[in-house]
Amino acid sequence: IFLGRLVPRKGPMRLLAAIEYLVRNQLTKEPFEVVIAGKGMQSNEMKKFIQKHSLGDVVTMVGYLDESMKPAFLADSDIAAFPSGNGETFGIALMEAMASSRGVVLGGNNSGYAAVVADKRQLVEHDNPKLFAESIAYWLEHASERKEMASKQQKHAATFDIESVGPIILRVYEEALQKRRQS
């Protein structure tokens with residue numbers, strides 16, 4: 001799945017290019033479907049790309065999803081792809097997906113996403129359709145590893161939960177206040 005704004009920075013066209021490469025080169029025998037949720041300026045361009053490359057049997061665009069629908073959408077995916085190339089300072093979308101998904105979460109190889117992934121194999125070369133497609137094919141064909149990665153991701157995402165991070169933040173503030181009082 002892809003979930004996000006359909007704008008260049010978020011990379012939905014990068015995903016379509018990888019899917020086109022994967023299909024054209026028959027990189028997997030595993031049946032799959034790609035569901036793209038979101039709205040944005042690239043919607044029409046994406047629909048034309050899907051039609052031009054005969055991807056209609058594989059790719060479905062479902063439009064905007066209400067916030068209440070997103071956790072179930074993520075939980076239902078074997079692979080969630082977020083191929084942003086840049087501009088991601090933290091990667092909250094990846095964190096949400098890792099906490100919710102039953103499958104592997106892939107992100108574009110950028111500094112914001114690299115800072116939050118549980119495993120570097122989650123990072124994809126978003127500007128290289130061949131390498132991106134090969135990564136998708138690998139995870140499609142290795143269901144047991146996908147399941148292991150999902151477990152690893154969920155445990156990792158929990159380390160960013162407010163119950164884990166909150167006490168640390170409070171301690172840092174308390175130490176800073178204590179130093180200020182002493183000076």
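Me: What makes the link between the side chains of glutamate 20 and arginine 24 a polar contact?
Reply: The side chains of glutamate 20 and arginine 24 are joined at 2.8 Å, and a polar contact is a pair of N or O atoms within 3.5 Å, where within protein one must be able to donate a hydrogen and the other to accept it, and residues adjacent in sequence count only if both atoms are side-chain atoms. The model is predicted, with local features needing pLDDT of at least 70 and side-chain atom pairs pLDDT 80 or more, while totals for chains, interfaces and linings use all residues. Residues are numbered from 1 along each chain as its sequence is written, and side-chain values use heavy atoms, leaving out hydrogens and water.

Me: Why is glutamate 20 called buried?
Reply: Its relative accessibility is 13%, and buried means under 20% relative accessible area, exposed over 50% and partly exposed in between (1.4 Å probe, protein chains only), so glutamate 20 counts as buried.

Me: Which residues does glutamate 20 touch, not counting residues up to four places away in sequence?
Reply: With contact taken as heavy atoms within 4.5 Å, glutamate 20 touches Phe49, His53 and Leu55.

Me: Why does arginine 146 count as buried?
Reply: Arginine 146 counts as buried because its relative accessibility is 11%, and the limit for that word is under 20%.

Me: Which residues does arginine 146 touch, not counting residues up to four places away in sequence?
Reply: Arginine 146 touches Asp78, Ile79, Gly103, Val104, Trp139 and Leu140.
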